[in-house]
Each structure stands twice: as C-alpha cells, then as structure tokens.
Amino acid sequence: MTLKAVAKTQESARIYMIQRGISKGVPIMLGYLPIALTYGVIAKQAGMTIAEITLMSVLVFAGASQFMGANMIAIGTGAIEIIIATFVLNFRHFVMSFSFMNRLRSIGLEWKVPLSLGLTDETFSVASMHTEEARQEKGMYFYAALMITAYSAWVVGSFLGGILGDIIPAILSQSMGIALYAMFIGLLLPSVRKELRVGLIAVIAMLINAFSAQFVSDGWAIVLGTLVGGLCGVFLLKEGKQ
C-alpha cells in the first residue's frame with residue numbers, strides 16, 4: 001500500500017471515530033443543556049458575572065460542584081471552604097480516571113492528560129460502554145469527540161444561563177434555585193434504592209452540617225458535613241460488603 005493510501009485510510013479512520021464520538025455525545029449534550037442553563041441562572045442570582053459563570057464551566061466542568069460552589073458563593077463562603085468541599089465532592093474522579101486510563105494503556109500521555117480533563121459521570125459511563133474503541137486505530141478521537149461534545153454543551157449552556165439570569169423575571173430565577181436540591185436528590189435516590197446505608201450517610205452528613213452551622217460559618221459547616229459523611233460512608237459501605 002502506498003503512503004498516500006495509508007494516509008487516506010488513517011484519515012478515514014479518524015473521521016469515522018470523530019463521527020461516532022459525536023453521535024454518542026449528543027444524548028449527553030441534550031441532557032447537559034437544561035442543567036447548564038439552570039446553573040447559569042443560579043450562579044447569576046448568586047452574584048457571579050457572566051464571565052465568571054462561563055469561566056467556571058470552562059475550568060471546572062463539574063455540574064454538582066458548580067451548583068454547590070454557586071450556592072456557597074451566594075451565602076458568602078470563603079474560597080478555602082469552597083475548594084475543600086468541591087475537592088471532596090469530586091474525589092470520585094480519581095477512581096474514574098484510574099479506571100479509564102487503565103483501558104488506554106496503548107495511548108500516549110499527550111492524549112491521556114487532556115482526555116482525563118473531560119471525564120464526568122456521564123462521559124465516563126458512555127466511555128465505559130465503548131471499550132473496544134481504545135484498541136482500534138485512531139480510537140482516541142472517539143473519546144475526544146465524545147468529551148468535547150459534552151464539554152461544549154455545558155460551557156455554552158452556562159453562558160446562555162448567565163444571560164437569561166439578567167432577562168427572566170427575578171421571581172422565576174429565584175424559583176430555579178430548587179434545581180440544586182432536585183439534582184442532588186435525583187443523584188441520591190437511585191443509590192438509596194440499591195443500598196439503604198447510602199441514605200443513612202446522607203442523613204448523617206445533613207445532621208453534621210446542621211449541628212456545625214451553630215458554631216462555624218455555613219461554608220465550613222458544609223465542609224465538615226461532607227468530610228464526616230464521606231468518612232462514615234467508607235466504614236458503613238465497607239461493612240455492607242462483608
């Protein structure tokens with residue numbers, strides 16, 4: 001096969017993988033847009049500028065953490081408390097990254113680093129169902145296209161939400177604050193159905209947060225509730241597996 005034919009074959013493989021990645025990312029994109037819009041509105045309500053709202057999505061790209069961060073900003077929490085709380089909340093990303101990178105052993109570090117930045121619960125779930133692409137030629141383009149599709153939707157949705165925060169009536173934007181609690185409840189309930197101990201962990205974290213708020217700032221109360229709840233989860237869930 002001539003060099004030209006090889007190059008054409010590789011280009012075809014690249015285009016095919018990109019198209020597959022985008023097609024698998026579209027459902028995530030459709031799910032991200034309304035949530036990102038809500039985040040943008042809530043963040044605007046919390047006093048963030050459109051540039052700050054968009055930049056947080058560009059740099060953080062973590063829905064639950066951004067919702068929590070916007071809420072903590074609204075109540076005047078300091079930067080250290082926000083950083084610690086979001087770090088603990090996103091600690092699961094270390095596990096996801098190890099699992100994902102274990103499948104990409106044949107891919108170079110120049111691909112692994114940017115791909116790891118695009119991992120979310122949703123992109124990880126979809127990528128986990130398409131492990132064969134990691135062994136195919138130009139397979140890294142599949143994962144890149146998947147993550148860029150989801151990432152773009154989240155950033156654009158956040159930007160549009162920030163704009164809507166200035167346009168829609170104040171009473172409507174305030175009512176959208178319920179989305180924060182609805183999202184966390186939606187994440188919690190499926191786990192509680194599978195394991196009741198998860199619900200107990202959530203209750204413990206809630207009680208620690210409420211108790212701590214009597215003595216420290218709301219931001220540190222959230223941090224303590226998150227840390228203690230997480231530590232309780234380590235022991236309670238470990239016992240459940242024995």
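Is R20 buried, partly exposed or exposed? In this predicted model, R20 has a relative accessible area of 21% and is therefore partly exposed, since burial requires a value under 20%. The side chain of R20 meets that of E133 in a salt bridge, with a distance of 2.4 Å from N to O. R20 belongs to helix α1 (residues 3–45), whereas E133 lies in the loop between α7 (121–128) and α8 (140–167), so the pair ties together parts that are 113 residues apart in sequence. The structure holds one salt bridge.

A further feature concerns the backbone at F61. This residue is found in the loop that separates α2 (50–59) from α3 (63–74). Most residues other than glycine have a negative phi. F61, although not a glycine, has a positive phi of about 50°. With a relative accessibility of 5%, F61 counts as buried.

F61 also takes part in the lining of a pocket. The second largest pocket has a volume of about 710 Å³. It is lined by 28 residues, of which V58, L59, V60, F61 and L117 are the closest to its centre. Several helices contribute to this lining: α2, α3, α4 (79–89), α5 (92–103), α6 (109–117) and α8 each supply at least two residues. By class, the lining of the second largest pocket comprises 18 nonpolar, nine polar and one charged residues.

How values were computed. Residues numbered from 1 in each chain as written. Predicted model: local features only at pLDDT ≥ 70, side-chain atom pairs only at ≥ 80, totals over all residues. Heavy atoms only, no water. Helix = DSSP H or I, 4+ residues; strand = E, 2+ residues; numbered from the N terminus. Buried < 20%, exposed > 50% of the residue type's maximum accessible area, 1.4 Å probe, protein only. Salt bridge = Lys/Arg side-chain N within 4 Å of Asp/Glu carboxyl O. 1 Å grid on protein atoms, 1.4 Å probe; cavity = no way out; pocket = protein on both sides within 12 Å on 5 of 7 lines; lining within 4 Å. Points joined across faces, edges and corners; volume = space filled by probe spheres on them. Nonpolar A, V, L, I, M, F, W, Y, C, P; charged D, E, K, R; others polar.
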